Amino acid sequence: MTRKLDPEVARERMISYGMEPTVPYPGTVDTPWPGLCRNCKRPGLPTLSNAKRQGPCGPCGQAKGADALRLPLADVVRALEAKGVIVVGQYKNSREKIECICLRCGALVHPTYSNAMREGAGLCDKQCKRDRIGDSNRLDATEAAVFARAHHLIPCEPYTGADNPWRLQCEFCRHVGDKTTYSVIKRWGHVCEPCGRIRTANARRLAEESAVQSMLDARLKPDIPYPGGVNIPWPCTCTVCKAQIRPGPRLNDVRNGSQGGCTNCSDTSFKHAEPAYVYLVANYGARWLKWGKANDLENRLREHTRQGFHEEVGRWFFELGAEATSVEKAIRAKVRTLGATAQIDKSLMRYKGHTETASLDEISVPEMLTIIESLINKDLPA
């Protein structure tokens, strides 16, 4: 059994160690004992045993340790000035930044003594650091020229710097570029705009077998070999309705599903191989005429009624929608030739067809009927 310490004796010992207790002795030497540091007046919770071994106040103990490790100011100044700076700030310890002036570039810098003493370390992190990096990265002109030639680029002028524009001629296509830099060559290799475009085109170009298969998947049989580009019209024949499509869809549209395929076989578009009508309707209140074509005429007329075209002026039947299409186009050409150029604003035509409208102020109903009848009785190109 250990003998208990007298509370008064314990208090005297804690005071001798540097801590003024603020509460009675807790009863054991290993129990935290609140008090105030007699040196810095900070509150603390040391145990009596720790206060004896390490001191009662943590901050004061750290400061004492730092003082023991702190180098003489004269030695610090001498060491830093040997590295090329003038010390103008206050030195605290080896890990605290100290204000200095670089003797080479005049910049205000803040190195720590411990970092400054490392082998090869530079104290100035301003212009001097940028210069050091530039010097380490800078190539000899001969070495740079050899590097460019290794990437099939022939120098047309001396090398002046890694990021400076450098006139180089492509070894393959003889193109001369004046914007390439050594840094760009180092990153991307052979950099020539014409060669780059060719590489990109080759990478994107479809093989003919794949292109033909894309057309066949859309039920289109090509009539000529693949034209070599996805945005070039490709004449073809629909494998379903046998209609020849001219000038033909673009392969890009066929592959993306936009405006590709055969319009005759589309579930939502006008069908050229089925019976159809050409019609003429009027909106006398707004003084507009509307002509057009439709396979399902009654449905089309209901749509126009909602738009204000309540009066059906006439309808003409055709065995094939292709014939109705030819008449519709011919009507528009004839009407515009006669000077009836006004048409309804596109935004007002909910069901489309604004290009097949004319103003009653520019052409009359009898004139329109005469035009349509004359065109129907005349052979028109399909």
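**Salt bridges, sheets and cysteines in a predicted model**

Arginine 197 counts as exposed, at 54% relative accessibility, where exposed means over 50% relative accessible area, buried under 20% and partly exposed in between (1.4 Å probe, protein chains only). This is a predicted model, in which local features need pLDDT of at least 70 and side-chain atom pairs count only at pLDDT 80 or more, while totals for chains, interfaces and linings use all residues. Residues are numbered from 1 along each chain as its sequence is written, and side-chain values use heavy atoms, with hydrogens and water left out.

Arginine 197 meets glutamate 193 in a salt bridge, at 4.0 Å from N to O. The term stands for a side-chain nitrogen of Lys or Arg within 4 Å of a carboxyl oxygen of Asp or Glu. Both residues lie in helix α9 (residues 193-204), four residues apart, about one turn of the helix. Helices (H or I, at least four residues) and strands (E, at least two) are DSSP runs, numbered from the N terminus. Glutamate 193 is also exposed, with a relative accessible area of 54%.

The whole structure holds 12 salt bridges. Arginine 287 is in the loop between β13 (276-283) and β14 (288-294) and aspartate 361 in the loop between β16 and α14 (365-376), so the pair ties together parts that are 74 residues apart in sequence. Arginine 287 is partly exposed at 37% relative accessibility, whereas aspartate 361 is exposed at 60%.

Turning to the sheets, β1, β2 and β3 form an open antiparallel sheet in that order. Two strands count as paired if DSSP finds at least two bridges between them. β1 (19-21) and β3 (43-44) stand at the edges with a single partner strand each, so one side of each has no neighbour in the sheet. Three bridges pair β1 with β2 (residues 35-37) in the antiparallel sense, and glutamate 20 stands opposite leucine 36 in β2.

A second open antiparallel sheet has the order β10-β11-β12. Two bridges join β11 to β12, and cysteine 236 has isoleucine 245 in β12 as its bridge partner. Helix α10 packs on this sheet, touching β10 and β11, and its direction makes about 145° with that of β10; axes are lines fitted to C-alpha atoms, for helices over the stretch in contact, and angles run from 0 to 180 degrees between N-to-C directions. Contact means heavy atoms within 4.5 Å.

In α10 (residues 208-217), Ala211, Ser214 and Met215 are buried. They cover an arc of only 95° around the axis, which puts them on the same side of α10; the arc is that of the directions from the helix axis to the C-beta atoms. Glu209 and Asp217 are exposed on the other side.

Finally, the cysteines. A disulfide is a pair of cysteine sulfur atoms within 2.5 Å, and by this rule the count is zero. For cysteine 124, the nearest cysteine sulfur is that of cysteine 105, 3.6 Å away. Cysteine 124 is buried, at 4% relative accessibility. The sulfur of cysteine 156 lies 11 Å from the closest cysteine sulfur, in cysteine 170, too far for a bond.
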